[in-house]
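The following briefing concerns the structure shown below. It is arranged by topic for computational use.

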Amino acid sequence: LKDRLAAALKASRADYTEIRVERTWSSAVTYRGRRLETATVSEDQGGFVRSLNRGCGWGIASFTSLDALPAMVARANELSRAVRLDKPIRLADTAPHVADAALDLDGDVRGISLAEKKNLIEAYNGAMLAVSDAVVDTQASYRDEVSEVWYVNSEGTALAQLRPEVAVSGTAIARRNGTIEKGLASIGLRKGWRSVHGLEQRFRVAARRAVDLLDAPRVQGGAYPVILDNELAGVFIHEAFGHLSEADFVYENPQAREMMTLGRRFGKPVLNVGDNGAAPHLRGTLPFDDEGTPTQDTPLIQEGILVGRLHSRETAAALGERPTGNARAISFRHPPIVRMTNTYIGPGPAGRGCADLIKDVKLGVYACGAFGGQTMLENFSFTAAWGHMIRDGHVAELVKDVVLAGNLFQTLDRIDHIAGDFTWNQMGGGCGKGGQVPLPVTEGAPHVRIEEALVGGDV
Amino acid sequence: VIDQLLGAARVNGGADALWRREERTAVAFEAGRLKTAGVTEEAGVNLRLVSGGRVGVAGTTAAAPDLEELVARARASAELGEHLELGFPPTSPLPRVPTFFDRAANASLDQLIVMGRHLVERLAREGCQVNVVIEREVGETAVGNSAGARGGYPATGVGVTAEIVRIVADDVLMIYDQYVGGDLPTDGDLDALVRSIETRLEPALSVVSPPEGALPVVFTPAGLAAIVLPLEQALSGKMVLQGTSPLAGRVGEQVLDARLSITDDPLAAGGPASRPIDDECVPSATTPLVERGVVRGFVYDLETAARAQSRSTGNGRRGIFGKPVIRYTNLIVGDLRPTPDAPGRGAWDVGRALGGGLLDGIADGLIVDDLIGVGQGNVIGGGFSHPVGLAYRVERGTITGRVKDAAVAGNVYDLLKRIAGFGTDGRWLGARWSPSLRLDGVSVARR
């Protein structure tokens with residue numbers, strides 16, 4: 001295959017050409033209630049070509065038939081030439097890399113029978129169903145894949161990467177009369193079969209939570225001091241700031257560049273944020289991104305000040321900065337775009353915990369777990385899986401439907417305390433952008449306190 | 001391929017298969033400039049078989065698939081699969097519905113580029129970034145089963161999305177709209193797209209403080225997503241079977257406002273999801289789900305129909321990998337439905353503009369055009385709570401400006417019992433057609 005790629009590259013008449021070919025082996029087992037829904041093994045394969053010519057734009061072609069590779073290389077070149085540009089696209093320099101980079105498979109999932117995978121997820125599903133008769137429905141999924149990715153470009157980079165992934169997730173639905181609630185457990189890892197055992201308790205807790213929420217009142221809407229647990233704080237920083245730091249949002253927009261000027265203050269000095277695609281053993285980790293740039297730890301906010309952003313080679317060149325290894329594509333069906341990897345809020349002082357953040361809050365909300373988040377850049381939402389009221393410095397009653405409304409400029413700046421209890425939260429699912437979903441990412445954070453945030457709900 | 005594959009399957013419990021090929025051409029304008037032109041070619045086959053009474057599936061995107069290997073994988077899947085008597089439908093005549101449009105299929109790359117450039121020029125404004133993507137898809141689907149049914153159709157699809165990003169100091173305004181259809185958009189369609197964005201942009205230029213309390217809120221067709229989503233889930237036969245649909249067991253009951261109807265319609269003229277047959281060989285038919293507020297039925301695919309001892313409504317959708325799942329086709333929501341004379345496109349006048357004429361009598365309230373985080377809460381229960389993405393304040397019957405940092409919340413089942421008004425602005429948004437709805441008593445919280 002490497003020879004075929006080299007030959008196709010050589011035949012390209014474009015000024016710049018890159019080719020990515022992927023072969024993904026995956027298996028999945030899903031339970032729904034007491035029934036096994038599916039157990040499948042799939043193989044997906046295809047290629048992607050992207051070309052660039054002087055004075056022209058990008059031409060791209062993706063395809064499932066590898067026999068079409070030479071034709072697709074020619075096609076991408078034609079498409080590039082059809083796009084006339086007055087202002088040329090430049091790519092920031094990166095040194096060419098030639099590497100075979102196989103991530104640790106940690107128990108190759110391809111060698112494990114579908115029946116064993118079924119037994120594993122059946123046990124987790126059973127753990128949820130056994131919690132209570134009120135658990136009327138469940139969904140429990142096991143999914144794994146091993147992706148072989150070959151990447152070559154006309155500047156001499158040639159990479160072969162092996163990327164494993166494994167995820168187990170469970171949703172428990174509890175119902176009493178007209179009230180329906182859900183609990184969620186989700187674990188996604190860039191690892192293999194050995195890493196997804198012994199997780200029954202996570203599933204049990206999720207189902208218990210769904211049942212407990214049946215009796216919980218909806219949170220009263222309004223502005224409160226809010227403490228985020230590690231998981232929700234991670235989702236928060238991904239939505240609140242991560243997407244804004246993706247340079248494709250700013251590089252073509254002068255007003256956005258001004259708004260996101262490096263050196264601008266976004267938070268109090270307690271706030272440190274970064275994105276680290278090279279952190280070992282995390283779901284968003286890769287040795288190289290999908291343009292062949294090595295990944296790295298990129299500081300984004302240091303002591304409250306904007307110090308960096310995430311780049312592809314194109315956005316880095318446009319802003320006169322350096323590529324950060326954040327050009328990612330979810331598959332051969334898509335071009336690489338600027339994405340996060342493992343995004344984090346750095347820890348506060350060691351020894352400071354959740355209780356220290358809560359103790360002087362008279363009335364507030366302790367928002368826990370994450371059902372998800374979404375951003376429209378300035379404004380964003382992050383949805384907790386459950387919450388507790390904080391009354392007189394103590395965690396009080398359980399509340400549900402805790403959805404936080406964030407504003408980039410106000411919410412970040414109102415983070416006034418950060419605990420020292422940092423954890424990476426490796427959830428399944430993933431991030432969506434530009435029609436590319438789900439992209440494996442990780443978020444990491446300690447407990448975080450926001451002086452005041454808007455919580456939706458009845459008023 | 002279908003015949004060969006069904007031949008290779010050789011199982012006594014029956015089998016069905018889908019083959020699909022798609023070629024997509026896309027041009028993307030970023031910040032007003034054409035930056036990218038691309039093509040995507042994809043083909044694949046999906047096989048389901050019943051072996052030893054158990055159901056298994058397998059799929060592949062290989063160019064020349066090894067059929068024996070695919071069958072072996074489907075059989076391995078069946079070893080773990082559930083016992084189910086799938087009723088593979090026999091061959092039957094298919095309804096006629098246009099899915100393929102020559103103009104769309106034959107449009108050249110240059111034509112798409114010209115259309116995009118024209119749109120960019122019309123949307124260009126000082127201080128605004130304009131992004132436009134035009135996608136054209138030409139596809140072919142073939143389905144067949146061991147009961148002898150065969151079906152297939154060519155299809156075209158065109159998507160035009162336009163977005164304006166306006167940043168002034170720290171205020172970020174994003175306005176988005178789209179055309180989705182089987183054919184190329186007409187000049188009227190593109191006019192409507194431009195006007196739709198202008199209608200949203202102008203009143204958004206000034207920011208006003210949000211109101212607070214239980215208030216009347218007009219949900220535009222775009223803003224309605226959060227309101228319709230719980231109903232879409234509850235009207236799925238799957239949710240009924242799982243015991244989680246609040247509408248299960250309520251067929252024949254008046255549950256929603258007596259003017260509200262919800263219909264799944266794969267035969268809707270010009271509907272983006274129209275087609276003559278589903279992915280499991282079931283001929284397309286219109287399925288009334290809610291008629292004048294009364295629950296009439298649910299959507300099923302073959303599997304859920306077999307388990308519910310019901311009939312498939314022709315809502316089976318399959319990808320290349322995995323088994324078929326229930327999917328709505330065109331979902332028609334409202335008091336009316338699109339007609340050939342008024343398809344909900346190209347007819348944008350002042351009287352029908354933002355809010356669809358529903359603002360009269362609102363002393364203080366909101367128009368909600370976009371909410372953030374839709375789908376991420378506990379959807380099936382009907383409760384929703386979302387920050388506004390794009391919303392306007394309405395005072396004494398007129399729009400006074402855009403609001404930010406507000407959140408709306410409520411329960412869909414409570415709010416839809418009495419709908420305060422239906423707009424006259426019914427339109428397609430993707431494969432959903434609806435007018436604006438005014439709901440009273442929606443909780444609006446602010447900071």
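**Briefing: salt bridges, interface and sheets**

Lys117(A) is buried, with a relative accessible area of 1%; buried denotes under 20% relative accessible area, exposed over 50%, and partly exposed the range in between (1.4 Å probe, protein chains only). This is a predicted model, in which local features need pLDDT of at least 70 and side-chain atom pairs count only at pLDDT 80 or more, while totals for chains, interfaces and linings use all residues. Residues are numbered from 1 along each chain as its sequence is written, chains are lettered from A and ligands numbered from 1 in the order in which they are written, and side-chain values use heavy atoms, with hydrogens and water left out.

**Salt bridges within chain A**

- Over all chains, the structure holds 78 salt bridges, each defined as a side-chain nitrogen of Lys or Arg within 4 Å of a carboxyl oxygen of Asp or Glu.
- Lys117(A) forms one of them with Asp144(A), with 2.9 Å between the closest N and O atoms.
- Lys117(A) belongs to helix 3 (residues 114-129) of chain A and Asp144(A) to strand 5 (residues 135-153) of chain A, so the pair ties together parts that are 27 residues apart in sequence.
- Helices (H or I, at least four residues) and strands (E, at least two) are DSSP runs, numbered from the N terminus.
- Asp144(A) is also buried, at a relative accessible area of 0%.
- A salt bridge also connects Asp416(A) and Arg449(A), whose closest N and O atoms are 3.0 Å apart.
- This pair links distant parts of the chain, with Asp416(A) in strand 21 (residues 415-418) of chain A and Arg449(A) in strand 26 (residues 448-455) of chain A, 33 residues apart.
- Asp416(A) and Arg449(A) are both buried.

**Extent of the interface between chains A and B**

- The contact (heavy atoms within 4.5 Å) takes 83 residues from chain A and 77 residues from chain B.
- The two chains bury about 6,500 Å² between them, 53% of it on carbon and sulfur atoms; buried area is the accessible area (1.4 Å probe) that two parts lose on being put together, summed over both.
- Of the area that chain B buries against chain A, Leu80(B), Gln376(B) and Arg447(B) supply 11%, more than any other three residues.

**Polar and charged pairs across the interface**

- Between chain B and chain A there are 40 residue pairs in polar contact, both residues being at pLDDT 80 or more.
- A polar contact is a pair of N or O atoms within 3.5 Å; within protein, one must be able to donate a hydrogen and the other to accept it, and residues adjacent in sequence count only if both atoms are side-chain atoms.
- Strand 2 (residues 33-51) of chain B provides 11 residues, the largest share of the side of chain B that touches chain A.
- The rule finds 12 salt bridges across this interface.
- One of the salt bridges joins Glu37(A) to Lys238(B), with the closest N and O atoms 2.4 Å apart.
- Glu42(B) and Arg333(A) meet through their side chains in a salt bridge (2.6 Å, N to O).
- That pair crosses between chains, from Glu42(B) in strand 2 of chain B to Arg333(A) in the loop between strand 12 (327-328) and strand 13 (337-338) of chain A.
- Glu42(B) is buried, with a relative accessible area of 15%.

**Strand pairing and sheets**

- Two strands pair if DSSP finds at least two bridges between them.
- Between the chains, strand 3 (residues 58-63) of chain A and strand 2 of chain B run parallel and are joined by six bridges.
- Ser62(A) stands opposite Thr40(B) in strand 2 of chain B.
- In chain A, six strands form an open sheet of mixed pairing in the order 11-10-9-14-25-22.
- Strand 11 (305-306) and strand 22 (423-425) of chain A stand at its edges, each with a single partner strand, so one side of each is left without a neighbour in the sheet.
- Strand 10 (residues 297-302) of chain A runs antiparallel to strand 11 of chain A, with two bridges between them.
- Gln302(A) has Ile305(A), in strand 11 of chain A, as its bridge partner.
- In chain B, an open sheet of six strands has the order 10-9-8-13-20-19, and the pairing is mixed.
- The edge strands there are strand 10 (294-295) and strand 19 (427-429) of chain B, each of which pairs on one side only.
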